[in-house]
Structures are given as structure tokens and as C-alpha cells.
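Subject: Structure handover

Hello,

Here is the structure you asked about. My notes on it follow below.

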Number of protein chains: 4
Amino acid sequence: MIRFSSDYTEGAHPQILKALIDTNMAQTGGYGEDPYCDEAKALILKALGAEPSQHPVVHFLVGGTQTNLTVIAACLRPHQGVLCAPTGHINVHETGAVEACGHKVLPLPGIQESSLPYRQYGKITAAQVEEAVLSHQANGAFEHIVQPGMVYISHPTEYGTLYTKEEMTALSAVCRKYGLPLFVDGARLSYGLAAHKHDPAYDLTLRDLVELTDVFYIGGTKVGLLFGEAVVIMNPAIARDFRYLMKQKGGMLAKGRLLGVQFGSAFLPAEDDPGLTLYESMGRHAVRLAQKMKEGFRSAGFPLFIDSPTNQQFIILPDELLPKLAEDFAFEPFDRFDETHQIIRFCSSWATPEENVDTLIQALHTLSGK
Amino acid sequence: MIRFSSDYTEGAHPQILKALIDTNMAQTGGYGEDPYCDEAKALILKALGAEPSQHPVVHFLVGGTQTNLTVIAACLRPHQGVLCAPTGHINVHETGAVEACGHKVLPLPGIQESSLPYRQYGKITAAQVEEAVLSHQANGAFEHIVQPGMVYISHPTEYGTLYTKEEMTALSAVCRKYGLPLFVDGARLSYGLAAHKHDPAYDLTLRDLVELTDVFYIGGTKVGLLFGEAVVIMNPAIARDFRYLMKQKGGMLAKGRLLGVQFGSAFLPAEDDPGLTLYESMGRHAVRLAQKMKEGFRSAGFPLFIDSPTNQQFIILPDELLPKLAEDFAFEPFDRFDETHQIIRFCSSWATPEENVDTLIQALHTLSGK
Amino acid sequence: MIRFSSDYTEGAHPQILKALIDTNMAQTGGYGEDPYCDEAKALILKALGAEPSQHPVVHFLVGGTQTNLTVIAACLRPHQGVLCAPTGHINVHETGAVEACGHKVLPLPGIQESSLPYRQYGKITAAQVEEAVLSHQANGAFEHIVQPGMVYISHPTEYGTLYTKEEMTALSAVCRKYGLPLFVDGARLSYGLAAHKHDPAYDLTLRDLVELTDVFYIGGTKVGLLFGEAVVIMNPAIARDFRYLMKQKGGMLAKGRLLGVQFGSAFLPAEDDPGLTLYESMGRHAVRLAQKMKEGFRSAGFPLFIDSPTNQQFIILPDELLPKLAEDFAFEPFDRFDETHQIIRFCSSWATPEENVDTLIQALHTLSGK
Amino acid sequence: MIRFSSDYTEGAHPQILKALIDTNMAQTGGYGEDPYCDEAKALILKALGAEPSQHPVVHFLVGGTQTNLTVIAACLRPHQGVLCAPTGHINVHETGAVEACGHKVLPLPGIQESSLPYRQYGKITAAQVEEAVLSHQANGAFEHIVQPGMVYISHPTEYGTLYTKEEMTALSAVCRKYGLPLFVDGARLSYGLAAHKHDPAYDLTLRDLVELTDVFYIGGTKVGLLFGEAVVIMNPAIARDFRYLMKQKGGMLAKGRLLGVQFGSAFLPAEDDPGLTLYESMGRHAVRLAQKMKEGFRSAGFPLFIDSPTNQQFIILPDELLPKLAEDFAFEPFDRFDETHQIIRFCSSWATPEENVDTLIQALHTLSGK
């Protein structure tokens, strides 16, 4: 069985695992106040290119849902909600974690995804955010309605799509115009940053996130760490007392140094990919194989649902072929396409061996007879 | 610097780390639905001696606060609170995590700790629980007052003290009499179970917890795992939909197999301690060294604050000696004892080398001049 | 200025106000434990025709949002959400009150209102509920998604539409099949019950609510009381400890007898409407005038947006006529219809004088020139 | 049966009821946006003597628990709690309403009431608040502990005691020093203000509250209104979006004008008490009769538990006399005093007839044989 079902099917990248092994018996204080965390934060800040005058703050949390709920709880007052795409992870796949903190998730209405170009799937626009705010303000009984209090986006999105720098700049501008913190869920950020190598249109950089957002996170769980997300907070109002919220929400790891050791390792040079940090290198590996996978789907004659530039690929497969394919491969049924076809997601990751991709492509050609 | 400041200053026991290394590149599904978790659960159930007819359920979470808040949220309706000792971890050191889930923590009043024998510090009694329930029922305006909805205790407690089987049986009986789920926080459970070897009065077993409680957890973070707590649920009403709550509260690890691999390893035989599981063995190691430490404190002439049977030791040290001691050792100031003395906590753990204990005892003798 | 903007523009029906005056200086205990509340509950139970063996329970709360959030908090566990129409009051106009209790509101998707017949606007169907439940169960990662835990509907709806007994019976059956409590928001219940006199298709009775729902409320604020909603709980699991939740959520009135006095008065015979309780009579008055209003709109040549059988009427008016109409009348802009027209809501109530309706109709004829 | 069991046993003061009757059929908009509310706010601001430059804001809510939870939710971030006396209403008698909003109530420890002079019962001091803040800051692991975020006091307290201007000034200073909003629960404020006439030591005025607090409320439910509390917010950060929180928490009355009509009436001149507003006059009436009651208790030979300057009186009565007394009078058992005596609370109010007090005093003399 070869698994393409997600990007968290293995443990940690060997270089990261080695760092854990090497530091295993060292004694440190707990809760993220240790030299490994300090060093990892310094490396991340260097990679971000953030100025000290911008007062960037980095915290480490264990997982994505935990990170999302903690950041959102830190941003909102009780009567405020968080604007997002209807397909946003917080709206669909976190069991109401945001609502359990007292806040309504406010999916932006109005756009049927099938009416959009592929590139816009799972994304929201500055115009949508502005319309939501103005519509709220225009409503005479507005205090009867949840107040938009922040904006949540994913980069890459649940569809593997990406914001361009221009789009993110526009979102940022509208958020600042209306005082809404902009939060970017970067669970798969490395895979988003790596898309640039294959298509220069995807030009958003880490440095841009520093300039354009209030808070974002650099995902580790899906990019080569055993677990861990690094939250970067640029807005001091959100940074204030953030560790209290981490502790309250159950997100402050006792052996916090495990996060420092892992992120510290990920932001050192990759041992076998000159000029890149390990974090960049892992992203590039996954995206290169994902693009190869995509070419394989095309050459085998299966249509893409989305021409995804990142590590998640979505193709349309006939129901009748799925049982055969499932004998050797794990993949994720994403949605039904029509009466006889499903949209199937295949993920590559930092861990995917190239031969697994070759085997998959071969199998699809065999199935399609091409 | 030698650290006795907590029992989570190192990474994982080598046998557990090895299991993580050995399974690192295996592919599995996520969120704890994988063969490693299945196997670990089976090993734990075997160690518990729970009958299948008791329908025990095991879940793995990452840390203690997260486990406490998830279990408590699963037990209570909105108007109910959780009875506990005033020193209970949930009342003091979790930044209001239970309140953030909407529930009042109800510390049991009325007993000054200094009026108690050492063995009762940090504990609550069946009589106290019954009095709290009856006092609530007696009050004519009782729906204006939070309803006691469950009981939380720690074993060992924050003072390193332990419940006897008789005490736990009485607590269990009163909880069942009034329909209150009994929840045992076992963050340091292994250290509690190991006390038996040094003093047969400490006779509570894993099997007793199965019989007497509604839910308890077997702590891993403080006992040789990188992280992880294994929740054992005996009461089906609490078990129902528990994974939803884990996900909502941010406690469902994406690479859940890491918890299965670690707990599975901990419940296999210890490689160098015949006849014991690794989990038992790690507890015994820590407690043996803690008892040695205690003897050293005594022989150096420093009074004990509590004659603790577990891995946390509390001694009374003069303020004037602390700076010198702090040059070489990390320890935790627990509380002020009087104008010129503090209560200091020293922890041993699965990882403590015996020579560190010897060095500490030597240093204390030097300081005291004995 | 004549107000048709809502059904709470006046104080209380004179018969109800008189009861408040007559009992003003009587001394009673607080919090709804007084003879007036007891008597009112007995009168309501009589009107409901509930059998003692059904253990119906009645509680009085002050307002609608408070009632909705308290009932919903009493029904759900933390990971559960409440299914409703997208236009449901709890989803749109209660500032996230349900989310502030920790629960996601789950608007049922999939039906464009403009594709429905008028009679279905604002309603949900048994089939929709079943599909939502099955879709949740079918999803492999279902614990990542909020679990449907109950169903909320309004009768009449926000569009003034009504469920038939057949529709409510089907909803009830599917709710019971899947263990979902069915909750009916009856803020305007009297206006719904009165529709029967004008169209026998609207055949749902109080007695049917007793048989088919788990909990519903009989609205007083919009039907002749100064304030007040009477919650009727048929499901003992919801009734349990309900007064605790009332108190916690701020909904237990200190001078609770004010609610008893008012509801007691409303469920006595109407002084000038033989054979009816005052509650029924007030509903009939409003609906008769609403139907007259509707005929007036038609005869003046303005199209109805909905052929509403209750006290809320929705007509389509050209933007250009609104400023003139607003000089003499207050009304509620409900939604935009097209570039040049709005949907306007006019409410009658228990308090509407017939001459106000005549004046409105006359004004509309003048405006339309018909 | 004559009731002294609370100060909410009757309806409304006749002058207030008359205002409700006179305005009953007037049409207004809803939710507190009407001329009656505007006028009442203007009258209250005049009575407060607040400068426009201080930007005082007044909102009306229905009841005390609702007001407390809404104000506290408006003040705190998620990790913050509210400091108060252990006997504070929010800590004891609101069914965990504050916790249900996610916040821990932080009773100030350390002072046994029986060691205090009567006048300090139920109160907290500036020194206690400062110590709590410093103790929190001193703690090395402070983010594991709930952060003190505001201070709640009652004036009068649950014991009928009062803060002097000097005490309140000191509290205010320490709150401002540490950035803690100071919130005064004035459920019985009128009875506190009236104490001045009997003892000039009680010198705190409405104007002082304006100067010294961030937010307070003027209680109506216990002082002659059917229901209602007027929140006065001096701190703009708390005032921001306050109506959203009122709506979300179920505290925005649909017929909001009922609150405006009542408070407007209460802040007009008393018809039969020249030179006073009705609100002042009602307070004075109750306190005069309470002091008469107190003298009666003394002359009948029953000791006072507290020499209360307000409308709540606490005396110590032998258990054996209570059944006889309960035949004719309702009163509240407050607490046990010793094996054979209870502390009993008797309340006067705006509604108490002087002859009821005389009858009670007579009965007590008969019981004591004096």
C-alpha cells in the first residue's frame, strides 16, 4: 500500500529526527523557555527578514486546529466573528473549535465555486471582505448581527490554490482599512512557497507575509516535523499575553523544547539541497513530485479538477476504477464530481519517494489504457 | 547545572525513542486510527486487567491541561462544576482552562492543610465530597449556585501524596451515590504506583482505578514519553463521541501514531528490568532515587515539608543557602515556609542518573556542615 | 407616524396591564416561585391539552434570544450544533448568541429560496434534516465536523410562513429517528395558530406541538405582553435542571411573578371575544387585519413577495415611492428585490387599530394611483 | 404573611407604574432606541453630574446577573479573571454565569470575616487587590495562572455594608495603577446612598462613582422598578460595541422603552418627597425603616450580626423562636451562627409599610418577653 492520502503519513524528516535524537537527554526548562526554542525563533526571524522594529513574535504550538483556535481567540472580542471562505478549515473540519471559543465563523457568501476560474477555488477576495463589512455597517439593526472581527485565509488553500502577492496586498489593504486582523493559516506554507519555482505567477514570499498580515503560521506537521506550528505575530495587540492563551487552550507543550529542536533544525541549511533551508527544500521536493504527478494524470487521460500549483492534486476519476486503484494506493475521496465520477485528492509530501509517484502514474496509465 | 526542577527536563526514554526511530518512515493513516495506536490500546487494556464487559475505552492526547479540559468538558452540563482540592492543578495552574469551557471549578473548602497529617496534603475525602453535595441540596436557592457535577483528583497529588485503596474506594462510593463521575489525573501515575514497593500502605493499583473511577489518565509526558497522556474511560456516557471533543479542543494529533508508538513501547517489557513493563520500571527508578534523596535531606539535617512517597520531594531550606545551591542545581521554590525558610521541591524522574542524586546530597551536606 | 415596523411597538394588552396593576402591591417570593406563575402554568397546560403522563414542564423567560440560547444550551453537548434554516433567527439576528454558548449553528444548505413556492420560504423539510444527518454520518472524517445535535425551526417563520401538521409530523419523525430534539421558536405562535381561520390548510395546533416537538415556546413579547416567553418542555432530558440554565444565562427574572401574572391573564378568556382565550383572540385580531392589509396591497396594485397567512406581510414596492410613504408610516425594509424595488415588511399586531390599516391602504392606493 | 425576605417582593412604585400605564399604547421603535430611553439617560446623566467630556454612556438591562455577566464579558480577554470578595454575588449566587462566559472568578483570599470589624464584611480593600496583582506577577510561571483582569465589588455588599469615599478612592487608585477596570454592582445602590442621612461616615456619592469607577450600575429591580438596571460606563474601551454584547447575552429587551419609561420616572422628582428624585426617595424610605427595625431588634434584646447602615438587617435569633416567627413573617435564613442560633436577614424596601415594621418589632418583643 502506497499512501497519497495526506501529507502527514510519515514521522519526521531524518535531519529533524536526528536533532531530536541528539538533544534527547539534554536537560532544559519546560514550556518553550529553553535555548532550543530561542535559537529556532532567531532562525525563523532571519528567514522572515523581519525588522526588529516590527517586533515580530514567534510562538510554537503543537497542531493546526489548536493554533487556529488560539490565534482567533486572541484576536476577537465576544461579539465578533471571523470571515473566511466557506471551505475554510475552521468552518468545515475543526468540529466547531472556533465556536467553542464563543465566536461565529462567517463564511463569505455569494460565489459559486464552479463559476470561478480554478485559481480562485478556496480563496476569498478583498472585494468580498469589503462587501461583508459594508453590508454589516449598512444594516440598521447591526448589533443584532455578529460583527466581522478578523479575516482567516489559508495559503495554500484546501484546494491547493495560492494567493498572489497582488491579491494578498489587496486583502491586507482592505483589512487595515477596516481594522480587521488578517490571519494566514500556513499549515502547508512550504508547499505554497515552493510553487514559485514552477510558475513565477506565484510570487508571494515569507517576507510578504511579514509585511501584509497581522499573524500567520508556518506549518510543521505537514512539512517534515513530527508535529508543530510556528505562529508569527506581527500585531502587538494579538501578541499581548499570547502565552496565557496557549496555556489555557491546552497548546503549551510541557517539553516545549521539542518544538524548538524541530523548527531549529528545519530552518538550518538542508544537508543535501545547497542554498536552501531544510524547510524550503522539503517544500520543493513535494511540489516537484506533485507537478510530475499532475503530468502523469494528464498523460493518462484523467482530467484535473484543479490545476493545482502545490502538493495537493485533484483529479476526476470514474467510480468504476476506484476499487482497483485502492488495492495498491491510499487516496482521499474529496467530493463527488457527477453521477459516475469523483474528485480524488492525491498528496505528495517531503517524504514521498519519487518511485512511488512513478508507480502511481504507471498504474493510472494501465487503468486508462493509455 | 543539574536539574531537579521538574520531571520533564529530558526527552524520551531511549527504548521509546528507539520505537519512534524504527517506525519513522512507515506510512499510516492519521488522527490515531492506525495499527500502532490499536496495539498500544491493547497493551494498556491488558495492563489494566479491565474486562471486555466493562467496555473500557482508551484515547491518546498530547498533554495534561488538554486532557483535563477535554475530559471535564465531556462530563459536565453547562450549569455544573467540578469539585477538587484547592491545590488541584485545574484550579491553580491551567490558566482557567476549565472555566474557558464554561465550567466553574469548585475547590472544596474547610480544611487548612497545616492542620492535617502530611499524608492528606493535596487530597480530598469522601466526607468532603458528600458534604459539598448535601450543602448544595440543602440550600433553598440551589439553582442560583453551580451544581457539583463531577470530582477531580490527582494521584499522586501536587504534593506527591497518594490515595490508599480504602480512601479511593470511599471516594468512589460517594461519587456513585450522588451520580458524580470520578476523574483521576494520573500525570505522574507511574510514580504513584511505584510507591508500593517502599511502603505497602500505598496499595492502590491500576486495576483499582478501573474498578473505582469513571475516567482516569495514564501520564506519559512526565514518565518517559516525549509527550502523551492515555485517557481510560470506564463510563460509557463520557466515552460517547469523545473523539469529537478531542478534535474540537485541539487535542487530536494529526500524526496520532506517535502516541501509539510511544505508549505501545512503554507498555512492553522493560529491556533491563525483568518482569516489569517499561512504564512500571521508569516509575520505580524515579521513586527509588526520590527516597534516596529524602534520606539525604534528612541526614543533611534539613526538615521535610512532606514525607512524600513519590518522585516529588519537598524540603524546608533556609533562604540564605538557596543562592549557593542554585549555582549548581535547578529546583523549584514551592512556597514560603516562614520568614527565613522556603519549601523547595526536588523532582526525580525516569531519567535521573543516580550520580546526580549523590551530587545533590553531597552538596546539601556541605551546605549544612553535617 | 403610524408604525407597522414590528409587532412590539406598544406595551401590553389592556387586560394584561390591568392584571399587573391589580397585583402590583401583593407580596410574593421571587424567581418565578409564586402562585401567579403556578396558576399561569396550569392554564397553559390546560390550553395545550397535555396529559400529565407526558410530564410537560413550563418555564417563563423574558425574551426570545434569551429563550433560544437557554433551550439550545440545555439540549446540546459541546461538539453538537443546531440545524436550522439559513434565515433562522438564531443564525442571523442574535449576534452569535448560540456560538457564545459554544455551539455552531448549522444552516441547512442547498435550496435557493427563489426556486421554492412561497409557502416554503424560511422553512426546512424532513428530507433536508435527514440528508444533513446522513451526510454527516457518511463522511469518513466525521468527528472533524460538528455533529448535528438538534433542530430549530420558527413557527411562523421569519417570512410569516407556516408548517402544516403534515410537514411538522414528518420533521418530528425524522428528528426522533435520529435522536435530535426538535425545538420550535414560537415568538409569534399566536399569529400562526390564527391563520387557520383564514385558510384551513394551516392546521397545526398547540396540541400538535405537544405531541410532535421536544420543546417549544409560546411567545408573549410579540403577542400582547410587556415581555415574556413561555417555554414548554416535553422531553425530560431537556427539562432536567433547566432552572439552573435560566439563572446562569441571565434569564431568571427576580420578580418572576410578572411573567406569571401576564401569561395567566393571556390564557384566561378574552373579555370581548367570546369562546377564545385572550392569547387566541390577540392572534386572530392581528391576522384578520394582516389579511385585510394584504388585500389592500393587491387592490393597490403592488405585488406580494409572499402570500403570508400570518401577521407579517411582505410586498414589493418601488424605491421611488418609499420616501413619500415613510413620511406617515414606519415599516421595515426587508431586502432588495431588484435594482428599483425593495421588499418591505408590514406587521400588524394585537394592538393595531383597524383605522391604521385603512389609512395605510388608502395611502398605497394614492401612491399607485389606483 | 408579611414578607421581609427580600427587596423584590412587590411590583413597581405607583409613580413608576403610572408612567407605564400612561405610555402603554404609544408606539415606539424597539431595543431601547426610543425617546423614553433617551430622556431617561439624560435624567440619569444629570443626576450623576457627569461632564460630557467624560463621555459617560448609559445602557439599560433587565436584571442583575445579566448585567454582571455582560459587563464582565465586555471587560476581559479570555485569559483574564475578575477579582472579588469571596461572598461576591458573581462568585456565589449566579450559577457560574461568569464562568459560562469563559472567565474564572478570583475570590480574594486571606481574610476570615469573623476577624474583621462589622463594617468590613463583604468588602475588599485596595491592599488586597494590590497583593493579588503583585503575587500574580511575582509567580515565575504566571501564564499558567489566570491573570487578574478587573475588580468587581458590590455597593452595598451582600452584608449591607458600604464603602466610604476614602476606601473607594484607594480601590480606584490601585485599579488604575495596574490597569484593572473597577466595576461596581449597584443592585441596591439607592439604599447605599441613603445611608448618609443616618451616618455621615457613609459619604460615597453618585458623582464619586462617576469619578472613581470604570463602570457601575444603578439597580432598579430592587428599588421600585418592575425590573431594570442602568449601566453607566465611564471607560470607552468597555463602552465600545456594548450593545452587541447586550444582544448576544440575551439582555436587549425588545420593548426597551419599558426600561426608559421606568428609569425616566425614577429620576424625576418624587411626588411626595420634596427635593428628592423618586430614586433617592425610595432609598431613604427603606433605610429609615431598616434603621427602625434595627432599633427594634436591639430593644427586643436580639443581637445584631452586623450593624448594617442599609436596608438589609442581620440579626441573631435562637432556632427555637423561628417556627413561631415564621407563622406571620417571611425572612431569609442567612447562615448558621452557632449550634442553637441562626443569622436571619430582614429586608425593608421602597414598598415596606411602616406598620409592617411595627408589627415585626412587636412580635419580636413578644417572643423575647422584653
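This is a predicted model: local features need pLDDT of at least 70, side-chain atom pairs count only at pLDDT 80 or more; totals for chains, interfaces and linings use all residues.

As background, two copies of a chain are related by a rotation about an axis and a shift along it.

How do chain B and chain A meet? Of the interface residues of chain B, 100% are also interface residues in chain A, so the copies meet through the same surface. In numbers, 44 residues of chain B are in contact with 44 residues of chain A. The two chains bury about 3,900 Å² between them, and 56% of this area is on carbon and sulfur atoms.

On the polar side, 28 residue pairs are in polar contact across the interface of chain B and chain A, counting pairs with both residues at pLDDT 80 or more. For salt bridges across the interface of chain B and chain A, the rule finds zero. On the side of chain B that touches chain A, the elements that give two or more residues are strand β1 (2-3) and the helices α1 (14-22), α3 (64-75), α5 (97-100), α11 (242-248) and α12 (257-266) of chain B.

Chains C and D form another pair to look at. Chain D is superposed on chain C by a rotation of 180° with 0.0 Å of shift along its axis, at an RMSD of 0.0 Å. The two copies are thus related as by a two-fold rotation axis. Both copies use the same surface, as 100% of the contact residues of chain D recur in chain C.

Within chain C, there is an open sheet of four antiparallel strands in the order β9-β10-β13-β12. Its edge strands are β9 (304-306) and β12 (332-338) of chain C, each of which pairs on one side only. From one strand to the next, the twist averages 35°.

How many bridges join β10 to β13 in chain C? Strand β10 (residues 312-318) and strand β13 (residues 341-347) of chain C run antiparallel and are joined by seven bridges. P318(C) stands opposite H341(C) in β13(C).

Helix α13 (residues 278-299) of chain C lies across β9, β10 and β13 of chain C. The helix runs at about 20° to β10(C).

Regards

Terms used: Residues are numbered from 1 along each chain as its sequence is written. Chains are lettered from A and ligands numbered from 1 in the order in which they are written. Side-chain values use heavy atoms; hydrogens and water are left out. Two strands pair if DSSP finds at least two bridges between them. Axes are lines fitted to C-alpha atoms, for helices over the stretch in contact, and angles run from 0 to 180 degrees between N-to-C directions. Contact means heavy atoms within 4.5 Å. Copies are superposed by least squares on the C-alpha atoms of residues with pLDDT of at least 70 in both. Buried area is the accessible area (1.4 Å probe) that two parts lose on being put together, summed over both. A salt bridge is a side-chain nitrogen of Lys or Arg within 4 Å of a carboxyl oxygen of Asp or Glu. A polar contact is a pair of N or O atoms within 3.5 Å; within protein, one must be able to donate a hydrogen and the other to accept it, and residues adjacent in sequence count only if both atoms are side-chain atoms.
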